[in-house]
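Please examine the structure shown below together with its sequence.

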Amino acid sequence: MTTAPFAHLAQPLNRAGDQILPLLARFVVAAVLLLYYWNSGLTKIGDGIFGVFSPSVGGYAQIFPKAMEAVGFDISQMNIFHWAVVVAGTIAEFVLPLLIVIGLLTRLAAFGMIGFIFVQSLTDLYGHGGIEHAATVGAWFDRMSDAAILDQRAFWVLCLLILVFKGAGAISVDRGLFRNAP
C-alpha cells in the first residue's frame, strides 16, 4: 500500500497550517497573555508621566524579591543594575505582547517572550519561593495539568515557538512589510 494518496491529501492542510497556526497563536497571545502582562507591567510603573523610568516598590519587589527584603524594601538602596532590569522588564511586558498581537517583528518578539517567561519562571521559583510548593511548580507526565509553572507556561512557550518557527502568518504587519521574505 502506498502512502502517496495520504500525502497528497495532507498537502492542503500543511499549506493552510502555515497561515492558520501563527494567526491562532497570535490570537491566543492576545486572549491569554496580553492583558496578563500589561496588568503586571502596570504594577511596576511609578508615579508621573515617566513612571516607567521610576519603577514602584512593587516593581523591584516582584523582580528582586530577596534583594528588596534584604534592604527593607528601600528602593534607594538598589543599584543601577536593578533599576535597568526592572525598567527593561516593565517595558518588555508592554511591548513584546503588543508586537506579537499586531504581528510586527513577530519572530523576534516571540523569542524575547520565551526568554522573558524563562526568567519570570526562575524568579517565581527561586525568588518568590515557588520551588517550595510542589503544586505550583507541577510535574510533567503526571495526571494533573493545572500547575502554574511547568504546565501552564509550557503551553505559553509552545504557542510562542509556533511564531518563532512559522512567523506571524496572515493578517500581520510583518506580512505587509516583508511580503517577499520567506
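## Helices α5 and α7

In this predicted model, helix α5 (residues 106–127) and helix α7 (residues 150–166) cross at roughly 160 degrees. Angles over 145 degrees count as roughly antiparallel, and α5 and α7 are therefore roughly antiparallel to each other. Their axes come within 7 Å, and the crossing of α5 and α7 is left-handed.

On the α5 side, the contact involves T106, R107, A110, F111, M113, I114, I117, Q120, S121 and D124. These residues meet R153, W156, V157, L160, L161, L163, V164, F165 and K166 of α7. Sorted by class, the contact of α5 with α7 has 12 nonpolar, three polar and four charged residues.

## Residue R153

One of the α7 residues in this contact is R153. Is R153 buried or exposed? Residues under 20% relative accessible area count as buried; R153 has a relative accessible area of 7%, and is therefore buried.

Apart from neighbours within four places in sequence, R153 is in contact with Y36, I117, Q120, S121, D124 and A148. Among these partners, I117, Q120, S121 and D124 also belong to the α5 side of the helix contact.

## Helices α1 and α4

Two packed helices are described by the angle between their axes and the distance between the axes. For helix α1 (residues 4–42) and helix α4 (residues 80–102), the axes come within 9 Å and cross at roughly 160 degrees. The helices α1 and α4 are therefore roughly antiparallel to each other, and their crossing is left-handed.

From α1, the residues that make the contact are R26, V29, A30, L34, Y37, W38, S40, G41 and L42. From α4, they are T90, E93, F94, P97, L98, I100, V101 and I102. By class, the contact of α1 with α4 has 12 nonpolar, three polar and two charged residues.

## Residue A31

Residue A31 is located in helix α1. Exposed residues are those over 50% relative accessible area; A31 has 56% relative accessibility and therefore counts as exposed.

How far apart in space are A31 and V101, C-alpha to C-alpha? The distance is 9.5 Å, although A31 and V101 are 70 residues apart in sequence.

## Confidence in the model

The protein chain has a mean pLDDT of 89, and 95% of its residues reach 70 or more. Within the chain, confidence is highest in α4, at a mean of 97. Confidence is lowest in helix α6 (residues 134–137), where the mean is 71.

Notes: Residues numbered from 1 in each chain as written. Predicted model: local features only at pLDDT ≥ 70, side-chain atom pairs only at ≥ 80, totals over all residues. Heavy atoms only, no water. Axes fitted to C-alpha atoms, helices over the stretch in contact; angles between N-to-C directions. Helix = DSSP H or I, 4+ residues; strand = E, 2+ residues; numbered from the N terminus. Parallel < 35°, antiparallel > 145°, perpendicular 65-115°, else oblique. Left-handed = near helix turned anticlockwise from the far one by under 90°. Contact = heavy atoms within 4.5 Å. Nonpolar A, V, L, I, M, F, W, Y, C, P; charged D, E, K, R; others polar. pLDDT = per-residue confidence, 0-100. Buried < 20%, exposed > 50% of the residue type's maximum accessible area, 1.4 Å probe, protein only.
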